[in-house]
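Hello,

Here is the structure I said I would pass on. My notes on it follow below.

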Amino acid sequence: MLDYQSSFQYLPVDVSGQVFAIPMSEVAAIRRLSDEEEASSASGESAQSTIPAIDLRSLFFPTPPGDVEKAAYVIVISVSQFACAALVDGVRPARRAEMTEQFTMPSLLSGERYPFKGIIRTPEGLLLIIDTYRLAEALRRARPELIVEKAHGSQR
């Protein structure tokens, strides 16, 4: 459930033409990929990264092999119990949403295993807020080797 605050800072990310919000408090790093890193990420290799990455498009929007465009950015998400990296198409400047712009997920969707925890109303439309804990669980099911778990504040 979304922790309602007077304001909420988030990072809008583009994934297959859709925009999602990642809480800025959980973003550890943002990096633009070079052409060489894009090629290795498309082939499933880790590009000299201590935290392997997964393309969020493959998690949210399954596409047939060969129909995959190159990811442009990697977002490292880090919270107290885990860290993971996500490949996305684009990153927009961080924004702030006021409490009146924040909503919980509809009950029909919140009971499902979708990796979202809330909605933000923006001038461009509604954005789903990625629930990083559910995202980690989805990543763990899809590719368990891509999750780095933390123990007592340090990485194993």
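Glutamate 26 counts as buried, because its relative accessibility is 9% and the cut-off for buried is under 20%. Please keep in mind that this is a predicted model. Glutamate 26 sits in the loop that joins strand S2 (18-23) to strand S3 (27-32). Leaving out residues up to four places away in sequence, glutamate 26 touches Val76, Ile77, Ser78, Val79, Lys117 and Thr132.

One of those contacts, Thr132, belongs to helix H4 (residues 132-142), where Thr132, Leu135, Ala136, Ala138 and Leu139 are buried. Viewed down the axis of H4, these buried residues fall within an arc of 160 degrees, so they line one face of the helix. They pack against strand S4 (53-55), helix H2 (56-60), strand S5 (73-78), strand S6 (82-88) and strand S11 (125-130). At the start of H4, the backbone nitrogen of tyrosine 133 has a side-chain oxygen of aspartate 131 within 3.1 Å.

Next, the core. The largest nonpolar core holds 25 residues, and Val13, Leu56, Ile75 and Ile130 have the most contacts inside it. At least two residues of this core come from each of strand S1 (7-15), S2, H2, S5, S6, strand S10 (116-122) and H4. S6 gives the most, with 4 residues. As for valine 13, its contacts beyond four places in sequence are Gln18, Val19, Phe20, Ile22, Ile75, Val88, Gly90 and Val91. Among these is Ile75, which is also listed with Val13 among the residues with the most contacts inside the core.

Two further residues are worth a look in the viewer. Serine 16, in the loop between S1 and S2, has a positive phi of about 50 degrees although it is not a glycine. Is serine 16 buried, exposed or partly exposed? With a relative accessible area of 33%, serine 16 is partly exposed, because that value lies between the 20% limit for buried and the 50% limit for exposed.

The other is aspartate 55, in strand S4, one of the strands that the buried residues of H4 pack against. Aspartate 55 counts as buried, because its relative accessibility is 14%. Its side chain makes a polar contact with the side chain of arginine 57, at 2.4 Å.

Regards

Definitions and conventions. Residues are numbered from 1 along each chain as its sequence is written. This is a predicted model: local features need pLDDT of at least 70, side-chain atom pairs count only at pLDDT 80 or more; totals for chains, interfaces and linings use all residues. Side-chain values use heavy atoms; hydrogens and water are left out. Buried means under 20% relative accessible area, exposed over 50%, partly exposed in between (1.4 Å probe, protein chains only). The arc is that of the directions from the helix axis to the C-beta atoms. Contact means heavy atoms within 4.5 Å. A polar contact is a pair of N or O atoms within 3.5 Å; within protein, one must be able to donate a hydrogen and the other to accept it, and residues adjacent in sequence count only if both atoms are side-chain atoms. A nonpolar core is a set of buried Ala, Val, Leu, Ile, Met, Phe, Trp, Tyr and Cys residues joined through side-chain atoms within 4.5 Å.
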